[in-house]
Amino acid sequence: MWRIPKLGWTLSLLAALASPALAADTIKIGAPQPLTGADAPFGDKFRKAYAMAVEEINAAGGVHGRKLEVVIEDHMAKNALAATVAEKLITQARVLVLTGGRASGQAMEIASVAQRLKTPYLVDHPSADMITAKGFEWVFRNNPTGSIYPAAFDDFIAHYPGAMPKSAAVVYDNTLFGKTIAAAIKKHLAARHVPVVADEAYPVNTLDFKPIMTKVKGAKPDYLLLVAVSTTDAILLTRHAKEIGIAPRAFVGFGGGFGVADMATQLGPLAQNVFSSAAWSGNPNDPKVKAFYQKFHARYGIWPHEHEVEGYSGIYIIADALRRAHLTGNLQADREAIRQALASTDMTTVFGKVKFGSWTGPAGDHYTNQNVYSPEHSVLAQWRDGQLLNVWPKTYAETSLVFPEPLAEK
Amino acid sequence: MTRQLAPWLAGALLLAAVPALVESPFAIHVCILVLMWTALGAAWNLLGGFAGQVSFGHASLFGVGAYTTIILYLRAGVAPWWGMPAGGLAAALVSLPVGLLCFRLRGPYFSLATLAVSELVKLVALNWESVTNGPVGYLITALPPLRLFGHAVDWESKTPFYVVAAALALAALAATALLRRARLGAYLVAIREDEEAAEAVGIDTVRAKVLTLALSAFVAGTAGGFYAFYFRYVDPDAVLGLSLSMEMVFIAVVGGLGTVGGPLVGAVFLTTVGEAVRERFPSGHLVFYGLFMMLVIRFLPEGIWGRARRLATGLQERALRHGAA
């Protein structure tokens with residue numbers, strides 16, 4: 001009768017003895033990502049980027065002689081599930097640090113859980129300003145926030161000769177991202193005394209933009225500024241605006257939709273010279289960044305964009321902090337050590353320079369642990385014969401820019 | 001009377017024992033989710049199971065509750081535990097005009113109307129920025145301190161949330177049991193079986209349905225308040241999504257329509273099955289989830305609880321017959 005409980009005790013004792021030894025094998029990084037559902041393709045991009053970074057670091061000897069391991073959990077792009085898996089990674093998988101998140105709603109939940117359970121969280125892609133504007137000392141962000149996205153556009157109108165708009169029309173989707181960017185654009189325009197002659201919001205996946213564009217045409221804008229997270233919206237916005245005969249000096253697209261290859265394949269000549277203030281994915285003129293693009297392409301057969309560059313760089317930032325942290329094996333003490341190490345980060349990744357600090361963003365948000373170099377991580381690109389090439393600022397330019405639009409009304 | 005109360009007492013004791021027996025905070029978290037879904041499934045079941053009115057818009061009631069609770073707390077400093085019932089009341093209030101309008105429609109038309117209402121509520125939440133904060137939503141960074149029985153409540157632990165969720169689920173199930181016994185419950189079943197006949201015998205069908213919807217909305221809204229209290233972040237996608245409405249339907253259908261215990265069984269099954277397959281098949285788990293749903297609908301159309309109850313009564317009858325022979 002007594003044997004069974006005794007055996008049980010012995011086994012659990014053995015397990016208790018074995019588990020620290022096992023944990024010493026790898027250093028675990030937790031990453032909630034969408035692996036199923038509509039956002040699954042994005043989760044897959046991050047999975048590839050993490051895998052490549054981890055393999056490289058481990059091949060070079062790992063960190064403190066231990067190998068890195070990224071534990072990815074599926075949150076299906078649902079906020080409640082993101083909180084669930086973040087909690088699971090922290091308490092069950094006992095990860096030392098979190099990254100990932102993909103969309104802002106889920107990242108908000110992960111940040112909130114990370115803050116409460118005192119686990120460092122490095123945000124690599126989600127862009128809602130609020131994530132680093134709530135005073136969370138456990139949350140760090142490498143990528144720029146939504147309101148920083150139009151920084152290159154603002155720089156362009158201020159510094160390119162003759163580019164200052166006489167007026168502008170702003171058309172944006174009513175998502176968090178769309179509204180944040182539109183608000184930042186309007187703030188920049190107001191600061192430069194540019195009148196906004198049309199201000200139109202639309203729901204995502206609108207099928208017909210002609211009513212909106214008819215209204216915009218009547219306002220005769222000098223610049224047409226379009227915000228779209230969805231690719232179909234970006235394509236239809238451009239198509240309907242051009243078909244209806246709006247001919248401003250510049251078409252400027254903001255948001256993921258304008259940076260996708262479908263823009264060129266579906267619009268053909270209509271995409272020519274359309275500006276895209278797309279997400280930052282490293283300085284293409286930097287040989288190290290070029291080498292990374294090549295290596296990634298050789299391995300996966302796809303060219304990396306912002307997601308892959310962000311995910312890959314995030315792992316390197318974490319590895320750098322881990323190297324500088326004194327790890328003891330005590331989970332809570334190690335997490336605190338990593339938090340402090342992250343706070344003193346000062347390095348360059350393929351994404352760019354990174355140093356976390358507290359500062360005030362363009363929309364007035366008070367950031368904590370937001371990359372202080374974020375305003376430099378903004379670029380204006382232009383569609384040229386089916387290719388999207390960086391044109392502004394000059395240091396990141398891949399070609400010279402075409403402005404004003406040759407077809408513009410004189 | 002004691003025989004009726006016994007299972008409730010046993011259930012309450014079992015629920016009370018969980019925090020003492022389960023150590024892992026993650027396991028308690030899963031229990032909290034199951035209890036929240038039980039309350040939501042029960043809310044949907046009141047209207048869908050008993051009155052046969054299939055709503056695809058219950059997320060809007062949940063969302064109204066969640067927003068009410070979080071706005072009351074962040075804007076007016078009303079603690080979430082008071083905000084939860086206030087969220088329920090707000091959802092019930094919103095449901096009144098919706099019910100009066102939509103219940104003029106029947107069958108699929110009613111279902112479509114609820115779908116439209118839920119999209120409408122989501123659009124309002126997205127665009128009425130001065131109140132709802134638009135797509136940004138609201139985040140609670142710290143919960144107010146609370147002292148109970150001389151001890152400060154630790155909001156970082158799971159136990160207080162577990163207790164609230166358990167009370168909520170029990171109250172929702174008790175409301176179902178009471179409704180079934182009440183005159184209104186009989187009205188609803190009459191409406192479900194034949195609305196014309198119910199009207200012919202003098203039942204004010206619109207009034208009965210509106211009352212039930214308000215009760216259902218109160219439960220869903222309170223659960224929404226709990227969501228805001230526990231998850232601390234509310235945005236339109238999270239609390240007003242169509243998938244939320246669908247999950248309530250699934251839980252009620254899988255558990256057993258028009259039964260008291262059904263929503264609990266449905267919530268337990270769907271949460272644990274979902275969690276288990278997600279663990280084993282990181283990228284293909286929705287296929288298994290879908291397969292499970294199809295199997296249940298094909299082979300257990302009366303739901304797990306409904307089937308189990310029928311089997312149990314069947315066995316009892318056989319035992320009685322054998323005893324007689």
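Student: Where's A:Pro393 found?

Tutor: In the segment after β16 (387–392) of chain A. Strands here are DSSP runs of E with at least two residues, helices are runs of H or I with at least four, and both are numbered from the N terminus. Keep in mind that this is a predicted model, where local features need pLDDT of at least 70, side-chain atom pairs count only at pLDDT 80 or more, and totals for chains, interfaces and linings use all residues. Residues are numbered from 1 along each chain as its sequence is written, while chains are lettered from A and ligands numbered from 1 in the order in which they are written.

Student: What kind of peptide bond joins A:Trp392 and A:Pro393?

Tutor: A cis one, with omega about -5°. A cis peptide bond also joins A:Phe403 and A:Pro404, again with omega about -5°. A:Pro404 is in the segment after β16 of chain A too.

Student: What is A:Met130 in contact with, leaving aside its neighbours within four places in sequence?

Tutor: A:Met108, B:Val136 and B:Leu139. Contact means C-beta atoms, placed from the backbone, within 7 Å. A:Met130 is in the loop between β4 (121–123) and β5 (139–141) of chain A, and A:Met130 is buried, with 23 other C-beta atoms within 10 Å.

Student: How many residues does the contact take from each of chain A and chain B?

Tutor: 22 from chain A and 23 from chain B. On the chain B side, α2 (25–50), α5 (108–127), α11 (236–239) and α14 (285–299) each supply at least two residues, and α2(B) gives the most, with 3. By class, that side of chain B has 11 nonpolar, 7 polar and 5 charged residues. Ala, Val, Leu, Ile, Met, Phe, Trp, Tyr, Cys and Pro count as nonpolar, Asp, Glu, Lys and Arg as charged, and the others, Gly among them, as polar.

Student: How many helices and strands in chain B?

Tutor: 15 helices and 4 strands. Buried residues make up 47% of the 325 residues in chain B.

Student: At what angle do α3 (residues 58–76) and α10 of chain B cross?

Tutor: Roughly 50°, with the axes coming within 6 Å. Axes are lines fitted to C-alpha atoms, for helices over the stretch in contact, and angles run from 0 to 180 degrees between N-to-C directions. That makes α3(B) oblique to α10(B): under 35 degrees is roughly parallel, over 145 roughly antiparallel, 65 to 115 roughly perpendicular, and the rest oblique.

Student: Which residues of α8(B) meet α10(B)?

Tutor: B:Leu184, B:Tyr187, B:Leu188 and B:Ile191. The α10(B) side includes B:Ala208 and B:Leu211. The contact residues of α8(B) with α10(B) divide into 6 nonpolar, 2 polar and 1 charged.

Key:
Two residues are in contact if their C-beta atoms, placed from the backbone, lie within 7 Å. A residue is buried if 20 or more other C-beta atoms lie within 10 Å of its own, exposed if 12 or fewer, and partly exposed in between; C-beta atoms are placed from the backbone.
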